[in-house]
Amino acid sequence: MNCLSGRQKAIVTDISGTTRDWITAQCQLDSLTLELIDTAGLDENISAQKSIDNASQKKTLELIGHADLILLVLDSSREIEFDYNLFYKFTNKKILTVLNKSDLPQKFDLNTLPDFLSNAVQISAKEQKGIDKLISSIRETIGVSDFDLQTPICFTDRQANLLKKINQTKSKEQAIDIMEELLQ
């Protein structure tokens, strides 16, 4: 994977839970261009008094709502008390669980994941291990592992619905309008 550009919009520390904003990077994965967005983590126990935390949580949920794929990154070297109920809202989304820090002694029990989060891959970002498996899992999860540029494919319901509309149009002008909308 080759990251082409990115915008850093956050101060990053080693202290868990300090990210309040989001960072984007555009990456090339073979012939596929991805926009990766690293957001603040989710926590249902955010105090109502901390409006900055509430705002960052709201933005994270908004970004997740628009995502084609969610990479749920967990620290596998820690026992994680994670409220998976936060993700039950997104069971209609494609989610790939990424267990990072596989180079350290493992304390996270993979069997505690609910079924819809059990599609998991272990990596060590620090040692760059498991990255090929992560890339392969991303391609499989979004349905492009056997992608052929000569075969038409729809990635979203919106694209499929627009193509159906094109097929039902009665004029060239309507078809052009729909194609322009499809490219947006």
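1. A quick definition before anything else: a residue counts as buried when its relative accessible area is under 20%, as exposed when that value is over 50%, and as partly exposed in between. By that cut-off Ser137 is buried, because its relative accessible area is 5%. Please keep in mind as you read on that this is a predicted model.

2. Let me stay with Ser137 for a moment. Its place is in helix α3, which covers residues 131-141. Once neighbours within four places in sequence are set aside, Ser137 is in contact with Leu96 and Val121.

3. Thr60 is another polar side chain worth a look. This residue lies in helix α1, residues 51-66. Is Thr60 buried or exposed? Thr60 has a relative accessible area of 2%, so it is buried. Leaving out neighbours within four places in sequence, the contacts of Thr60 are Thr39, Ala40 and Leu42.

4. The largest nonpolar core holds 14 residues, and Ile70, Leu72, Leu74, Phe87, Phe90 and Ile95 have the most contacts inside it. Two or more residues of this core come from each of β4 (69-75), α2 (85-88) and β5 (94-100). Which of these elements gives the most? That is β4, with three residues.

5. Beyond its neighbours within four places in sequence, Phe90 is in contact with Leu61, Ile64, Gly65, Ile70 and Ile95. Two of these partners, Ile70 and Ile95, are also listed with Phe90 among the residues with the most contacts inside the core. Another core, of 13 residues, lies apart from this one, and its members include Leu34, Val98, Ile138 and Ile142.

6. Together with Leu36 and Leu71, Val73 forms a nonpolar patch on the surface, and the three have about 220 Å² of accessible area together.

7. On to the charged pairs: how many salt bridges are there? The count comes to three. One of them joins Glu62 and Lys59, whose closest N and O atoms are 3.4 Å apart. Both residues lie in helix α1, three residues apart, or about one turn of the helix. Glu62 is partly exposed at 40% relative accessible area, and Lys59 is partly exposed too, at 28%.

8. A further salt bridge brings together the side chains of Lys101 and Asp75, at 3.3 Å from N to O. Lys101 lies in the loop between β5 and β6 (120-122) and Asp75 in strand β4, so this pair ties together parts that are 26 residues apart in sequence.

9. Glu127 counts as partly exposed because its relative accessibility is 39%. Lys129 is partly exposed as well, with a relative accessible area of 48%.

How values were computed. Residues numbered from 1 in each chain as written. Predicted model: local features only at pLDDT ≥ 70, side-chain atom pairs only at ≥ 80, totals over all residues. Heavy atoms only, no water. Core = buried A, V, L, I, M, F, W, Y, C linked by side-chain atoms within 4.5 Å. Buried < 20%, exposed > 50% of the residue type's maximum accessible area, 1.4 Å probe, protein only. Helix = DSSP H or I, 4+ residues; strand = E, 2+ residues; numbered from the N terminus. Contact = heavy atoms within 4.5 Å. Patch = residues over 30% accessible without salt bridge, like charges linked within 9 Å, V, L, I, M, F, W, Y side chains within 5 Å. Areas by Shrake-Rupley, 256 points an atom, 1.4 Å probe, with all protein chains shown as cover. Salt bridge = Lys/Arg side-chain N within 4 Å of Asp/Glu carboxyl O.
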